[in-house]
Amino acid sequence: MLSVLDIFRIGIGPSSSHTVGPMRIGRRFVRALDKAGLLGRTARVHVELQGSLALTGVGHGSLDASILGLAGFRPETTLPDEAAAALAAIRESGRLRLGGGDHEIGFVAARDIALAGHIMPALHPNGMRIAAFDESGAPLIERTYFSTGGGFVASEAQLRSPPKDDRIDTGVVVPHDFGSGAELLAACERSGLSIAELVLANEDSFRPRERTLDGLDRIAAAMDQCIDRGLTQRGILPGGLKVHRRAPDLWDKLEANPQSNEREQLFDWLNCYAMAVNEENAAGGRVVTAPTNGAAGVIPAVIRFYCTGEGAGRCEDKRRIFLLTAGAIGMLYKQRASISGAEMGCQGEVGVACSMAAGGLAALWGGTPEQIASAAEIGMEHNLGLTCDPVGGLVQVPCIERNAIGAVKAVNAARLAMHRQGAETFVSLDQVIETMRQTGLDMSSKYKETSQGGLAVNVIEC
Ligand code: SF4
């Protein structure tokens, strides 16, 4: 069973699969070297980014992330400015301290990182092969890892023996185990608990209750801080597309007229918050994977709009309910399908975020477990087939606006579910998750985070 704190993780932009994942992999490789007693003998490390990691890796920051990982940086604790300074120092000196320790090697990205977009690994399209060599050039160890979306990483062996019954085995036994939407609803029925209460009870098997609540509050705070920063940063986003940040201007307009009777103002607020997050993400800022970095704006936008303004204590409770419920839905997608754009297209990123946000909002509105599952189902049903075709390989166009649209769509999905009469739904959450999985498998690789089709080839970069 996964933990809800596995689904929401604090990291740096612009991509959980292409930035956070490679960073973790770099650290993991250095740990493997150390464990094998080979760290001191290592004179050179070579990284090969394969498949989607190579095809969109430059725009998604995968090269820098790989270097930071080898240098021992953790995505959870690295500040963007700190990362930039470390990268500049490595570039200037051509030297890198493995794992941040005493052992230094020569490292030049142009020589030591290869982009192998022609290799599309069968196990997962985000492959990363790392090899270490001694002073004489003799190989020491070589490992292949995969960045499987949302910052999750897996070894070759882990992907070759997938979990049974769609359950990721974390070795933790929980009181209310569930591997499908149907099992989740049955567990709620059996226990008389809401989805949020049931997930919280499960989390007690991972750590003491206070630490879970603290973790949830830290996630909510990181989401809020990201919005706040995104609302004040102006200018052009990095990467060469010359995309302007739009959230601050929209914020100014809304702030100038907060009590406007315009019926569409709800859209403006959600758009503003979601774009603030994704503009920060595009700039390499600190975001929460929800469930990925590319889709990081949907959930914070909905939480910010619906969980503020009624006293601090109350807001805290609402945010916890939202995150626990949305987290349960995210776990289902992670375990039964995938949250990787390179495997599923954008339906697996913004589509999943929309589904999670719709479920979280239905929970806030007092929805039954069935209504929450229905909201999550609707949130995905109308994102099925959504492709990933980022222009210039950057997480900017269509990603930033797509999060805004995803947030608005999530609210509508929750509304539709709350108005639903009776428990019966035409399409179940499990059916829509399986449909997303099959659609992702059928989707051409051109539309799965390779920037080889769609907007990426039809929009001329200038
Ligand atoms: S199009 Fe969607 S899946 Fe692709 S990079 Fe952008 S947000 Fe991620």
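**View 1. The largest nonpolar core holds 101 residues.** A nonpolar core here is a set of buried Ala, Val, Leu, Ile, Met, Phe, Trp, Tyr and Cys residues joined through C-beta atoms within 7 Å. A residue is buried if 20 or more other C-beta atoms lie within 10 Å of its own, exposed if 12 or fewer, and partly exposed in between, with C-beta atoms placed from the backbone. Val298, Val302, Ala357, Ala358, Leu361 and Ala410 have the most contacts inside this core. Helix H17 (residues 350-364) gives the core its largest share, eleven residues. Helices (H or I, at least four residues) and strands (E, at least two) are DSSP runs, numbered from the N terminus. The model is predicted: local features need pLDDT of at least 70, side-chain atom pairs count only at pLDDT 80 or more, and totals for chains, interfaces and linings use all residues. Residue numbers start from 1 along each chain as its sequence is written.

**View 2. Ala357 and its contacts.** Ala357 touches Val298, Ile299, Val302, Ala326, Gly379, Ala407 and Ala410, leaving aside residues up to four places away in sequence. Contact means C-beta atoms, placed from the backbone, within 7 Å. Another core lies apart from the largest one. This other core has 35 residues, including Ile25, Leu55, Ala71 and Val153.

**View 3. Domain 1 meets domain 2.** The domain assignment gives domain 1 (10-160) and domain 2 (170-458). Such bounds come from an automatic or database assignment. The C-alpha centres of the two domains lie 28 Å apart. In all, 27 residues of domain 1 are in contact with 36 residues of domain 2. On the domain 1 side, at least two residues each come from strand E1 (9-12), helix H2 (16-35), helix H3 (52-55), helix H4 (57-60) and strand E7 (139-149). H2 supplies the largest share of that side, four residues. By class, that side has nine nonpolar, 18 polar and no charged residues. Ala, Val, Leu, Ile, Met, Phe, Trp, Tyr, Cys and Pro count as nonpolar, Asp, Glu, Lys and Arg as charged, and the others, Gly among them, as polar.

**View 4. Strand E6 between its partners E2 and E7.** Five of the seven residues of E6 (residues 127-133) are buried, so the strand is largely enclosed by the rest of the structure. Strand E2 (residues 44-50) pairs with E6 in the antiparallel sense over six bridges. Pairing requires at least two DSSP bridges. Val45 stands opposite Ala132 in E6. E6 and E7 also run antiparallel, joined by six bridges. Here Arg129 stands opposite Thr144 in E7. The hairpin of E6 and E7 has five residues between the strands, and Gly137 takes a positive phi near 90°.

**View 5. Two cis peptide bonds, at Pro14 and Pro291.** The bond from Gly13 to Pro14 is cis, with omega near 10°. Pro14 sits in the loop between E1 and H2. The bond from Ala290 to Pro291 is cis, with omega near 0°. Pro291 lies in the loop between strand E9 (286-289) and helix H14 (298-306).

**View 6. Positive phi at Glu449 and Ser451.** Glu449 is not a glycine, yet has a positive phi of about 55°. Glu449 lies in the loop between helix H20 (429-442) and helix H21 (455-458). Glu449 is buried, with 35 other C-beta atoms within 10 Å. Ser451, also no glycine, has a positive phi of about 55°. The loop between H20 and H21 holds Ser451. Ser451 is buried, with 24 other C-beta atoms within 10 Å.

Conventions: Two residues are in contact if their C-beta atoms, placed from the backbone, lie within 7 Å.
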